[in-house]
Amino acid sequence: MPNTQPVPDTVPAGWSGSTDTKSTDFRGPQTASEVTIHLDNVLPALESLRSQAGRLSDWGTELAHRLLSGQRLLAAGNGGSAAEAQHLTAELVGRFDAERAPFSAISLHAETSALTALANDYGYEEVFARQVRAHGRAGDVLILLSTSGRSPNLLSAVRAAGERGITTWALTGAGPNPLADACDQAITVDAIAANAQEGHLIAVHAVCRAFDAEVARRAGPRTAADGAKP
């Protein structure tokens, strides 16, 4: 959602940076407390994911079936969620742990010339939807990451995927939320936004773990090494 709060563009009044480059003790009691609170808040995110371990496993297994059959993964997010989505596609095109064939996975936000052209010509709400219509085929998977679950451009992408027979998965913050409701399946991380986003990285790695295990099980040594279909 658009930020309607005033955004400061200067440092706070009365703030002055230290010029003492020899001092290394910048930690105050309040800072230490905030860090501890942040780390404690990771635990609810992890427990939320643990309760959905079965779905994470199913996603990895299903994704292996689809990609081994020649389908493709499309992924998208905004801001930090874009980084997490791109992390997932990098693991599939590259590798997670062991050596294996590369698989087709595209982060829609990473094509900067297309992204900026589409934003300029059609508005930011359509930057992912139009790419889904261009790249997606029936049987592909579109995974969308969002801590709020309310991004208009991701919701537009879900609608475009529905037109093409593309399966949609959402990885969001706490539910219910519009994106989780709109997609075929969703994993919602019940935590505050920053910790939910950290949970998304754990979820991405868990999906990759299941994906690699299924590829190895189905493909065998020859297909895992050279990409041949089972």
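Guide: A term to start with: two strands pair if DSSP finds at least two bridges between them. Helices (H or I, at least four residues) and strands (E, at least two) are DSSP runs, numbered from the N terminus.
Visitor: What kind of model is it, and how are residues numbered?
Guide: This is a predicted model, where local features need pLDDT of at least 70, side-chain atom pairs count only at pLDDT 80 or more, and totals for chains, interfaces and linings use all residues. Residues are numbered from 1 along each chain as its sequence is written, and side-chain values use heavy atoms, with hydrogens and water left out.
Visitor: Which residue in E2 is the bridge partner of Ala 75?
Guide: Ser 107. E1 (residues 73–77) runs parallel to E2 (residues 105–107), and three bridges join them.
Visitor: What about E3, which residue stands opposite Ala 75 there?
Guide: Ile 143. E1 and E3 (residues 141–146) are also parallel, with five bridges.
Visitor: Is E1 covered or open?
Guide: Mostly covered: five of its five residues are buried (under 20% relative accessible area, 1.4 Å probe, protein chains only). Leu 73, Ala 75 and Gly 77 lie on one side, Leu 74 and Ala 76 on the other.
Visitor: Why two sides?
Guide: Because in a regular strand the side chains alternate between the two faces of the sheet.
Visitor: Zooming out, how many helices and strands does the protein have?
Guide: Nine helices and five strands. Along the sequence the pattern is α-α-α-β-α-β-α-α-β-α-β-α-β-α.
Visitor: And how much of the protein is buried?
Guide: 40% of its 230 residues.

Definitions and conventions. Buried < 20%, exposed > 50% of the residue type's maximum accessible area, 1.4 Å probe, protein only.
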